[in-house]
Amino acid sequence: MKRILSHTFLATVLATGLAGAQAQQPLTEIKVSYQPALYWALPFYVASEKNWWAEMGLKPTFSIFPAGVPQIAASASKSWDVGGIGSVPAVLGHVRFGIKTIGLTNDESAGNALLVRKDVADKFTKTPASMKGQTILLTANSTGDYAVQACLKKYGLAKGDVTLKNMGQAEIISAVSSNNAELAGLWAPNIYTLEEKVGAKVLCSGKEGGVMVPGALIARSEYAEQNPETVARFLAVYLRAWSWMNANKPEAIVLMRKFYEQGGVAISEASMKREFETRPTFDLANQLARMDRARGNSDMDSWFGQIAIFMRGTGAIQTVPQPTDFITDAYMKRVSADPKLRAFANNTK
């Protein structure tokens, strides 16, 4: 009886001790915003599946948006703290709401493109100038918009030579699929959906149009200033997910399929592999290198500066903001300076 009681007592003490330790270190809640079924948003899902948020002492709640413009608008009500977004709405987010860009999600230059319906593909491929006077469906103030206008410039066409009609991505897919549109600006994986669904062709990607289309990691300015350590832990989780996915692509694609299906997107495994093959990501060292201003403007300053010039041209913003006003490496440097965060971010297992 004494042995049983002693074991029971020991178990109680251990349980109480663990509970006390957990009580002393509660998980920090953080509100994460993103858009569903997108390559750059996959790390949020993978981190949840692997329980990496909790390892960094975080408890995320997620809010999802169909595109960047409604996502940045939601920051006014403080409905999210951090997240991922396209570079065009990231700039708009700074101008309208003071949102900070704190890192890169991926290089999506090849993942934003001008597509043409299959039955008219030959005409526009052979004579791109024949797009003059045509209507192009796209989502305004998006990376897709940026890529389309870069492609028009490549073909010697001005914005005024065509009619740009603003629509949501799902509406665009529906319009092209029902033969109600010939030309469309889309981002991946919507590109693959239209290719596989109706045989649409990529006429020109942002990369082929000569522009760099980065994806942005963002934070509300007030939140980041008040919670720098939490933001750094958020970045460490995001980078850890990419480190693991790039080292374990077969398993990552299994998770990608589940994540995309949750967002209503069903594409082939070949298209999922294409995501990894055509959209480079940035580890911690590369993030810091792209943000480095030691010799003047950083790579990110140049990329986002060009995007800001484009947005002034569309009328989305009235003046071009200085990239140094909204792009900051302070939080990425926190990750690098902390041995625990740095090791976590670079962990491939």
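What is the torsion about the S-S bond of Cys 151 and Cys 204, and is the disulfide left-handed or right-handed? The torsion is about -85 degrees, so the disulfide is left-handed. The model is a predicted one, in which local features need pLDDT of at least 70 and side-chain atom pairs count only at pLDDT 80 or more, while totals for chains, interfaces and linings use all residues. Residues are numbered from 1 along each chain as its sequence is written, and side-chain values use heavy atoms, leaving out hydrogens and water.

A disulfide is a covalent bond between the sulfur atoms of two cysteines. A search of the whole structure finds one disulfide (a pair of cysteine sulfur atoms within 2.5 Å). In this bond, Cys 151 is joined to Cys 204 with an S to S distance of 2.1 Å. Cys 151 belongs to helix α7 (residues 143-154) and Cys 204 to strand β9 (residues 201-205), so the pair ties together parts that are 53 residues apart in sequence. Helices (H or I, at least four residues) and strands (E, at least two) are DSSP runs, numbered from the N terminus. Cys 151 is buried, with a relative accessible area of 0%, and Cys 204 also counts as buried at 0%; buried means under 20% relative accessible area, exposed over 50%, and partly exposed in between (1.4 Å probe, protein chains only).

A helix pair can be considered next. Gln 169, Ile 173, Val 176 and Ser 177 in α8 meet Asn 190, Thr 193, Leu 194, Lys 197 and Val 198 in α9, where contact means heavy atoms within 4.5 Å.
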